[in-house]
Amino acid sequence: MNKKILFMVIDNKVKYLSDSDMDHREWYKSLNLDLDEFDNVVRGFILDNKIVFYKGLFKYDNETIDIAEKMYPEMRKKLNNPNLEVYCGVYTNEGEKWEPIHRVDNPNINNRFEKDTNIEKKTIEKSNDIKEELDPLIEIKNNYEDPKIVKRAMIGTIIVLIINIILKIVLYKTNCLVLSNTLDTLLVFIQFILLIVSIYLYNIKNKLASITSLAAAVTIVLTFNIFDIILGLIYFIFMIDQSIFSKIVNKIVKK
């Protein structure tokens, strides 16, 4: 089977898409479904005689495996091909051909990660994104591979930069911000540098942008002014999960 077919599992049913230029996200959106839930949707593709299930950035977990085991017999029947191999997850490595990871339909096959004793307990995701270093402490729900997420992050950072400039001017004029201390002056300077660098990195689609944005939010909070703390916390939350703000905006629009 050389023709690529996309599929998604919606309401315990498999939907198929072929002969289309849409990717999974565009297809999901065209179905008028909640985009905030997209990363949790089990989906995949059928190509080269393989059915590959995954979620998020080609990762998989116990739920993905369970759904794959449940759905693949019906899919083989639907596609009239009992020889389709069934996998979960995709190993993505620059410079190499992307290969599926975990074989579902034949437990005797050696899986790529079979030596990992925690394979059934953890979500596997092969990504070169540097934000993974923050995952043990912070769960970043924004998918910074998504151009729309990146665009909103850049716009949000520009807005925060403008608000921060206005806020600092007002606080300085009202003597609420004293820059006589070298450390305080340096902290304010670092805020602006990090925000400007973040905007530039978002513009060139550099993955470090999410890290510099979070660092900027922290430095804003460390100014220890109530207005800065509120601005920094809102920006920090926005950089971790934009969906929170999307839901608020949607509710406001509906009302």
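I began by settling what a helix is here: a DSSP run of H or I with at least four residues, numbered from the N terminus. With that in hand, I found D228 in helix α6, residues 226-240. I kept in mind that this is a predicted model.

Next I asked myself: is D228 buried or exposed? D228 has a relative accessible area of 0%, so I noted this residue as buried, the word used for anything under 20%. I then looked up its neighbours, leaving out residues up to four places away in sequence. D228 touches N164, L167, K168, L171, I220, V221 and T223.

I stepped back for the overall picture. I counted 7 helices and 6 strands in the protein. Along the sequence they follow the pattern β-β-α-β-β-α-β-β-α-α-α-α-α. Of the 255 residues, 42% count as buried. I also checked contacts between residues at least 6 apart in sequence, and 55% of them join residues at least 24 apart.

Which residues make the nonpolar surface patch of about 530 Å²? I listed L183, L186, F189, I190, I193 and V197. I picked out I190, which sits in helix α4, residues 182-203. I190 is partly exposed, at 33% relative accessible area.

My last stop was a positive surface patch formed by K141, K247, K251 and K254. I found K141 in the loop between β6 (99-103) and α3 (147-173). K141 counts as partly exposed because its relative accessibility is 48%.

Definitions and conventions. Residues numbered from 1 in each chain as written. Predicted model: local features only at pLDDT ≥ 70, side-chain atom pairs only at ≥ 80, totals over all residues. Heavy atoms only, no water. Patch = residues over 30% accessible without salt bridge, like charges linked within 9 Å, V, L, I, M, F, W, Y side chains within 5 Å. Areas by Shrake-Rupley, 256 points an atom, 1.4 Å probe, with all protein chains shown as cover. Salt bridge = Lys/Arg side-chain N within 4 Å of Asp/Glu carboxyl O. Lys, Arg positive; Asp, Glu negative; His and termini not counted. Charge placed at Lys NZ, Arg CZ, Asp CG, Glu CD. Helix = DSSP H or I, 4+ residues; strand = E, 2+ residues; numbered from the N terminus. Buried < 20%, exposed > 50% of the residue type's maximum accessible area, 1.4 Å probe, protein only. Contact = heavy atoms within 4.5 Å.
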